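Have a look at the structure below, and then we'll go through a few of its features.

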Amino acid sequence: MTMKVSIEQGVTSAAGDVTLFTITNRHGASVVLSTLGAGIIAVNVPDRDGNLDNVVLGYASPADYFRDGPCAGKTIGRVANRIGNAAFVLGGKEYRLPANDGKNSLHGGPDGFMNRIWNAEVLPDGVRFSYHSPDGECGFPAALDVSVTYTWNDACELSIDFHAQADGVTVVNLTNHAYFNLDGEDSANVGSHRLWLRSRHFLETDEGFIPTGRVCRAESPMDFSRGEYLAPCLASDMPTLRLNRGLNHYFILDETDSGASDALSDKPAVSLAATLCAGSSGRQLEVFTSCPGIMVYTGGWLSDSPADRHGRPHTDHQAVALECQGYPDAPNHPEFPSVVLRPGVHYRHISIYKFHCLDVAHNNENC
């Protein structure tokens, strides 16, 4: 399937020149991608009346994505999420990382993959980004070659295929950090969105948002296994929700009939992990992944991000991130599924964001 791919070059950022790629399907729906952080700049999809609008958080200029706090739309690595005390032990050796979130390392450190300019190759139906991370970059051992392939189709499915190979033993946990508001980028709050998760458990975290190792049963208002609105979570006085300014939690996905997926498989199986619905616009997002869990962040600190495309400030809870990834702080928790990558082994995982519209009479069991 061939998509229309257009290229805009020469946008300058502190990291270097940024190239943008727009992939448009035959219905006019499009995705805009950037070489800065191998990121998603926009996803323009129709509402129930056929009106196109961008449904991901974005900024006024492509250069604003450099070192933005929310890491909006970008590829996160080497290790997504937090590593406690900015250190881990591998093969009997301790590795120290830059601390950029209090005493912890967040999203690979301040110079992680999200703030690098990636190489790009145009494909018939998308773009493949690649990056070489040398041994010792941001404190991580071994050289790592990474690729992220985005494809877009006429069914408004955005597929993200992550690959990595290392020349030595290291740790890898990649994700995409797009934020969604299905009522459109100008909408102020996702409280009216309804979320369904294929999950009944989440990881408990301490005051620094580092997993304690304890797995908790999700109780109301954090139980989304039957589909619930986000507003009760955002307004809750539950201690973990108050500390996190809403959701900022890793949900462990229930196993499917095919069993647990494996990031080291040549062809990892994907299954439905989450559904997000916006009644006002009629848009629905289905998230499929091969990962064991999904980080749900309702944007409690978005007001610190750069201005939007119209020059207006963003507000907290304006969008929600659904980050498919391995367990947070896994290098420091041997009881968690491993994120260790060894030479000769191919890391791969796939996530798919599928957008479509529901008419007023449509009933989806997950939304």
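Let's begin with a charge and a ring: Arg194 lies over the face of Tyr229, at 5.8 Å from the ring centre. To count as sitting over a ring, NZ of Lys or CZ of Arg has to be within 6 Å of the ring centre and within 35 degrees of the ring normal.

A quick word on the ground rules. This is a predicted model, where local features need pLDDT of at least 70 and side-chain atom pairs count only at pLDDT 80 or more, while totals for chains, interfaces and linings use all residues. Residues are numbered from 1 along each chain as its sequence is written, and side-chain values use heavy atoms, with hydrogens and water left out.

Now for rings meeting rings. Rings of Phe, Tyr and Trp (its six-membered ring) pair if their centres lie within 6.5 Å; planes under 30 degrees apart are stacked, over 60 edge-to-face, and the rest tilted. That rule gives 18 aromatic pairs. Here are two of the stacked ones:

| Pair | Centre to centre | Angle between planes |
|---|---|---|
| Phe88 and Tyr95 | 5.6 Å | 25° |
| Tyr297 and Trp301 | 6.4 Å | 25° |

Are these residues buried or exposed? Buried means under 20% relative accessible area, exposed means over 50%, and partly exposed is in between (1.4 Å probe, protein chains only). Phe88 is buried at 2%, and Tyr95 is buried at 16%. Tyr297 is buried too, at 11%, whereas Trp301, at 26%, is partly exposed. Elsewhere, ring pairs tie Trp152, Phe180, Tyr353 and Phe355 into a cluster.

Strands (E, at least two residues) are DSSP runs, numbered from the N terminus, and two of them pair if DSSP finds at least two bridges between them. An open sheet is built from 9 strands in the order 11-12-13-14-28-24-23-18-21, with antiparallel pairing. Its edges are strand 11 (119-123) and strand 21 (228-229), each pairing on one side only. Within the sheet, strand 14 (residues 157-166) and strand 28 (residues 347-357) pair over 8 bridges, and Leu158 stands opposite Tyr353 in strand 28.

Last stop: Arg116, in the loop between strand 10 (105-106) and strand 11. At 24% relative accessibility, Arg116 is partly exposed. A polar atom of the Arg116 side chain lies 3.0 Å from the backbone oxygen of Asp111. Arg116 and His310 are 194 residues apart in sequence and 26 Å apart in space, C-alpha to C-alpha.

Key:
Helices (H or I, at least four residues) and strands (E, at least two) are DSSP runs, numbered from the N terminus. A polar contact is a pair of N or O atoms within 3.5 Å; within protein, one must be able to donate a hydrogen and the other to accept it, and residues adjacent in sequence count only if both atoms are side-chain atoms.
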